[in-house]
Amino acid sequence: MKHTKTIVCSVGAAIALLLTGIVPNEVIVSKKGLELIGNAEQCRLTPYTCPAGHITNGIGNTHEVSNETITLKKATKDWAKNIEDAQRCLQQALPNTRVTQGQYDAFTSFIFNTGCTRFKHNRNGTKTQIYQYVLKGKYIAACHQLNRWIYGGGVKLKGLVIRRQKETELCLSR
């Protein structure tokens, strides 16, 4: 996978495609949440290897990534599908209590980044603390767990530190 040129795209344009319905979607995450996820992931139309070692394209997409350049519309469709997957994972964990939009956005961003399996389970198979708090409806406690998840591939990553700070702020906002 060698590209001589990285082709970036606009996260703002992708958000507009989602919010206007030009790219059909069932995204519940707010514009603020989309901005958090999109700006943390960035938008690239050419494939690249992310800090955790996954072949990626679009806006954090790691599914069925080819060696080809994709369009903004394709990047946005993939992004919407991946956000919807993260939303489903969160919704399955939520008890019958209300979360704020900020909590919903922050937890969805977190799951988008880590994946549903990692959100739920530690490497040894036990339930993660953040997942246990969400299951119990202890959302403030779950918000405070976000800043612990700052490692990718065993290395503390500045980008994850910044992302988790923003997720925590959004999660605790009223």
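Colleague: What makes the pair Cys 143 and Cys 171 a disulfide?

Modeller: In this predicted model, the two sulfur atoms of Cys 143 and Cys 171 are 2.0 Å apart. A disulfide requires sulfur atoms within 2.5 Å, and the value of 2.0 Å for this pair meets that limit.

Colleague: Why is the disulfide of Cys 143 and Cys 171 called left-handed?

Modeller: The torsion about its S-S bond is about -70°, so the disulfide is given that name.

Colleague: Which parts does the pair of Cys 143 and Cys 171 tie together?

Modeller: Cys 143 belongs to helix α7 and Cys 171 to helix α8, so parts 28 residues apart in sequence are tied together. Both Cys 143 and Cys 171 are buried.

Colleague: How many disulfides does the rule give?

Modeller: The count is three. One of them joins Cys 89 to Cys 116, with an S to S distance of 2.1 Å, and this link is right-handed, with 80° about the S-S bond. Another joins Cys 9 to Cys 43, at 1.6 Å from S to S. Cys 9 lies in the segment before α1 and Cys 43 in the loop between α2 and β1, so this pair ties together parts 34 residues apart in sequence.

Colleague: What makes Glu 64 count as exposed?

Modeller: Exposed means over 50%, and Glu 64 has 82% relative accessibility. Glu 64 is found in the loop between β2 and α3, and its phi is positive, at about 50°, although it is not a glycine.

Colleague: Why is Gln 42 called partly exposed?

Modeller: Its relative accessible area is 41%, which lies between 20% and 50%, so Gln 42 falls in the partly exposed class. Gln 42 is in the loop between α2 and β1, and its phi is near 70°, a positive value in a residue other than glycine.

Terms used
Residues numbered from 1 in each chain as written. Predicted model: local features only at pLDDT ≥ 70, side-chain atom pairs only at ≥ 80, totals over all residues. Heavy atoms only, no water. Helix = DSSP H or I, 4+ residues; strand = E, 2+ residues; numbered from the N terminus. Buried < 20%, exposed > 50% of the residue type's maximum accessible area, 1.4 Å probe, protein only.
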